[in-house]
Amino acid sequence: MDVTRLRGIGVSPGIAMGEALLPKRVVFTSRKELIDEAQVADELKRLRQALDRTREDLVRVKDGVADKLGRESSFIFEAHLLILDDPALVGGLEAIIREERARAEWALSKTNIRYERLFESLADDYFRQRRSDVSDVLTRVYRNLEARREKERTPRKEHILVAHELLPSEAALRLSKELTLGVALDVGGPTSHTAILARSLGIPAVLGLRDVSRQVREGEFVIVDGTGGEVIVNPTTAVRREFQDKRERYEVYGRELQKTAALKAVTLDKVRFFPQANIELPEEIGPAIAMGAEGVGLFRSEFIYLRRETLPTEEDHYEIYSKLARGAHPRPVTIRTLDIGGEKSLPQLNIEKEPNPALGLRAVRFSLRNRDLFRVQLRAILRASEGANVRVLLPMVTEVDEVVEVKAVFEDVKRELRREGRAFDEGIPLGVMIEVPAAAALTDVLLKEADFVSIGTNDLIQYFLAVDRSNEFVSHLFKPLHPAVLRLIRGVIQAARKAEKDVVVCGEMAADTLGAIVLLGFGLRAFSMNPIFIPRIKKALRAVECRTAERIVEEAMKLRGAQEIEEYVTEEILLRHPQVFLAGLPAEAPKK
Ligand code: PEP
Ligand code: MG
C-alpha cells in the first residue's frame, strides 16, 4: 500500500487517526429527461412532495441539532427552511419543469449549476462557501424525489470522515463527538460550516485537500493532522508512531490550554489584558466564551447577507445582533458594519465590477453610497444595544469626513428610533477600523470623532506594504514584524492611549505569539482573534512580564528588518520567559 501525504488547510486543531469512512454522494443528473404535456402536472406534484418531505427532514434535523449542539447551532437550518420556501427558487424549479417539459431531477440539476456558477464567480472565499447552503437544500430535495428514501444512516463505529464536500446539514448530522475522530474534505476553508462545527465539537479537521476523496478508499487507515494541515493515507508504522507522540504532546498541551480559559488574563507582572473573539456566526459566541473570550472584538456582519438570497430585513439583522448581545452579556460585542463591495459583491445586488476592487467602493464607502441599506443595519444594531454592551465599528475608514458623515446618519437614525419610542443605548460607542495607512496616520484626529479604534492588521499590512493578503506569490513579503509596520502600529496604539480611548487589534497578528508579545510591549491590552487561538495567546501573555515586553520591543525597534526583529524578540523571550514557547506548540496562527 502506498503512503500518500496530502496538504490542506488545518481548520480545527488536533491529531486523529483511524479508518476512513466515505459517505455516498448524491450525483445530480446531467441528462435532460423529457416528459409529455400531460405528465407535467404529476411532475410538479412530485416536486412538491419532495419539497414537503425536505421541509419535514429539515425541521427534524433542526430539532436534533438543537438537542445535540444547542439552539444556536440549529440556526443554519432555519436558513435552509427559508431557502426551501423562497418563492424565486421554487418558482424557478416549477418553471423549468413546465417550460422545458423536463423531469424534476433536471430542474434541480440545472438550478444547482446556476447557483454554483453564481457563487463560484465571487472572488471572496467566504461568499463562495455559502454556495453549499443552496446546494445542501437542493441535494435534499433531489434525494427526496425518490419515493423510497434511503434512510440517512449514521455510522456506528469510530471513523475518519472523508468526503468531497460536506453540506452544512450533513456536517451537523454526520459529525459526532463520540464517533467522528477526524474530518478530511476536498473542498472548504476555515469559514465553512464544517470548519466551524468541527471546531466547536473539538474534532480535528483538514479541508481544501483537493482530491482526498479520490485518494482514500473506505476502510483505509488515515491520519488527520488538523494542527499542521496534513492528511496521511496508509502511514508506515514509524509515521504512525511519530503522530501518536505528537498527539500525546498535543493533548497534554491542549488540557493545559483549556485550563487557561478559567484563569485571569494578566501578565506575570499583573498587567490586565483582554482576549476577545473574532466571529462570523452568532452560534460561535458560546464556544468563544468557553475558550476564554471576554467579549466579541469583531463580528463580521457580512455573513448575514451571505446566508440568504434576498436582502436581510431590519428584523433579520436585529434577531442576530440581539442574540449576540444577549449571548455575550455583560461582555461587550463589537458589530462591524457591512464590509463589502469591490471583490466581495453581494449576490442580492447588482454591484458593478471594478477595475481595482481592493481600492474600490468597499466597506464604509459602500455603506455611505447605499444609505438605505446602511440605515437598516444601524437601526437593528441600535435596537440590539438595549443591554448597553454593543459597540459599532466602521470598516476601511480613510478620512475623518467619513466618520462625520456616518455620525450624521447615526444621529438621524437614533432620532427616528426615539420618535418611535424604541429603546437603545444612548451611549453606544462608535469605533473606527484602522486598516488603511492614512487612517493610521490620522488616529489622533479620528479619535476626536470616534470612541475607539480597532487595528485590522490584515488589510493594514496589505495596503502599507503593497502586498496582496491573499496572493500566495507574495505571501513571503507579508510581514507583520516589518519595522515600518511596527512603527505604524505603535503610533496608532500610542495615539489611542494618549487620547485615553480604547484600542484593539483584531487582525491575525493578535493571534500570533510573537506578534501579541510585541503588541503588548507597545501598550496594547485588547487582542481579538479567532477563538481557537485565545487559549494559546492567553497562556503566552500570562507567561511574560509586560515590563520585559516593553523593553524588548524598544530595542527591537532599532533593528532594520523583520527577520532580525523576529530573531531578536524570540531570543530575548526565550532567555527570560522560556515558558512562552512550549515544546510541541501547535502551529502559529495563519498569517493573512
Ligand atoms: C483586518 O483587515 O485585519 C480585519 C480584521 O478585517 P478582515 O480580515 O475582515 O478584512
Ligand atoms: Mg479588513
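Start with helix α19, which gives the most to the shell around ligand 1, with three residues. The model is predicted. Helix α19 covers residues 457-465.

**Stop 1: ligand 1**

Select ligand 1 and show the residues around it: L298, R300, R336, M433, E435, G456, T457, N458, D459, R469, C506 and G507. Two elements, β10 (296-300) and α19, each supply at least two residues of this shell.

Next, look at the backbone of three of these residues. G456 has a backbone N or O atom 3.3 Å from an oxygen atom of ligand 1. For T457, a polar backbone atom is 3.1 Å from an oxygen atom of the ligand. For N458, the corresponding distance from a polar backbone atom to an oxygen atom of ligand 1 is 2.8 Å. How much of ligand 1 does the protein bury? Taken alone, the ligand exposes 290 Å², and the protein buries 97% of that.

**Stop 2: the magnesium ion**

Now select ligand 2, the magnesium ion. Which residues coordinate this ion? They are E435, through OE, and D459, through OD, at 2.0 Å. The two residues come from distant parts of the chain, 24 residues apart. E435 sits in the loop between β13 (430-434) and α17 (437-441), while D459 belongs to helix α19.

Colour the pair by accessibility. E435 counts as buried because its relative accessibility is 2%. D459 has a relative accessibility of 4%, so D459 also counts as buried; the cut-off for buried is under 20%.

**Stop 3: T443**

Move to helix α18 (residues 443-449) and select T443. Is T443 buried or exposed? T443 is buried, with a relative accessible area of 1%. Leaving out residues up to four places away in sequence, T443 touches I434, V453, V492, A495 and A496. Show these side chains together with T443 to see the contacts.

**Stop 4: helix α23**

Finish at helix α23, residues 546-556. Select its buried residues: C546, T548, A549, I552, V553 and A556. Why do these residues lie on the same side of α23? They cover an arc of only 155° around the axis, which puts them on that one side. An α-helix has 3.6 residues a turn, so residues three or four places apart point the same way.

Note on methods
Residues numbered from 1 in each chain as written. Chains lettered and ligands numbered in written order. Predicted model: local features only at pLDDT ≥ 70, side-chain atom pairs only at ≥ 80, totals over all residues. Heavy atoms only, no water. Donors = N, O, S within 2.8 Å, 3.2 Å for Na, K, Ca; no water. Helix = DSSP H or I, 4+ residues; strand = E, 2+ residues; numbered from the N terminus. Buried < 20%, exposed > 50% of the residue type's maximum accessible area, 1.4 Å probe, protein only. Arc of directions from axis to C-beta. Near = heavy atom within 4 Å. Polar contact = N/O pair within 3.5 Å; in protein donor to acceptor, adjacent residues only side chain to side chain. Areas by Shrake-Rupley, 256 points an atom, 1.4 Å probe, with all protein chains shown as cover. Contact = heavy atoms within 4.5 Å.
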